[in-house]
Each structure stands twice: as C-alpha cells, then as structure tokens.
Amino acid sequence: VRCNPTGQDVRALPILTGLGCQFLCTFCHNVIFKQTHRTLPSESIIQEMKRLRDKYDLNEVGFVDENFFGDRPRFFKLIELLEEEKLGVQWSSTMRASDIREKFLNEKILRRMFLAGGYYFGIGAESGSPQILRRLKKGISVEHILDAAKYSCTSGITFTFSFMAGLPGEDIDDVFMTMD
C-alpha cells in the first residue's frame, strides 16, 4: 500500500504497454536510438489489468509508457473496454500537452477517461519559453500547456506539469517565462 499523487492509499503497480515514441524531443533517448513506437493491443492491456487486480488486489495501475496516447486507435478502444468492463481500477500515465485539444483529448474524452478510472496525468511541459520549446523540438506550444491546465479544472482529472531549467541556450528571460 502506498499513497498516490492525490493522497489516496492504494495498492498499485506500474504497467508497460508500449515502447518508443514518434516525437523528436532533443533530450530524449528515443531520438538517439531511433526507437519506433510499438504498443500492446488494448485487449491485452485489459487482460493484464484484470490479472493484476485479481492476483494482487490492486486498485490502481500506472501506465509507464513513454507515449501512452501515441497510438490513438488503441487508446480509444481501451477507453471503450474500460467503460464496458468496469474493473474498479483507477489508472494514471503521462501525456503530451498537445494531446489535450478539441480533435483528440477534448473535454468529453477527458470526462470519459475520468469515469473509466483515469485520474492523474503528468505532462512534460519543459518550458514556458516558446524559443526553448522550439529548440527542444517538443512539438508543443505555451498555448498547449495553458490549455491543458484549463482542462484540469473542468475534467475532474488531476494534471501535474514538469519543467526544466538550465537548458542549453536558456537565459534568465526564458526562466522567468517558465515561472510565469
């Protein structure tokens, strides 16, 4: 039993359901090693969640994939299966700020995620400086980060944002943009 990020005592384990990432962030090992994005089918994920729940009496899993939302058809199928199965297991993962938008993880989908057990997601925002985000090749904007923060207020889901400082080429103005 451990305390999760929202302060609940849970029985939890991590699950790896995919490897690699299709994005080109300059600081990531996937770019160096040219890792492609590979994922398990959503049906296999549900079976593993059931197995872990039944064997270890889990009530939470943390998806530790590098890009859990990178395979969109798989993700939408997983949400459907979680809605059907009602496993009684909450789940968390990381996501990109650019995933939260009208054409992908909009308010309706985030609400479905929450009702299907998705409760906590970490977002690698990295910087509040557009220049630094471009230099990192994150493929996100400050607007994406701010939009994600807005959705955290309306979806029921808890989001956290990670930032880095002291990046190559970063000056004090960039740091203050991140702080702001």
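K137 is exposed, with a relative accessible area of 53% (exposed means over 50%, buried under 20% and partly exposed in between, using a 1.4 Å probe on protein chains only). Keep in mind that this is a predicted model, where local features need pLDDT of at least 70, side-chain atom pairs count only at pLDDT 80 or more, and totals for chains, interfaces and linings use all residues. Residues are numbered from 1 along each chain as its sequence is written, and side-chain values use heavy atoms, leaving out hydrogens and water.

**Backbone at two lysines**
- Most residues other than glycine have a negative phi.
- K137 has a positive phi, near 55°, and lies in the loop between α5 (130-136) and α6 (helices are DSSP runs of H or I with at least four residues, strands are E runs of at least two, and both are numbered from the N terminus).
- K86 also has a positive phi, near 45°; K86 lies in the loop between α3 and β7 and is exposed, at 65% relative accessible area.

**Nonpolar core**
- The largest nonpolar core has 38 residues (buried Ala, Val, Leu, Ile, Met, Phe, Trp, Tyr and Cys residues joined through side-chain atoms within 4.5 Å).
- Elements supplying at least two residues each include α2 (42-56), α3 (72-85) and β8 (118-126), and α3 gives the most, with five residues.
- F75, W91, L105 and M113 have the most contacts inside this core.
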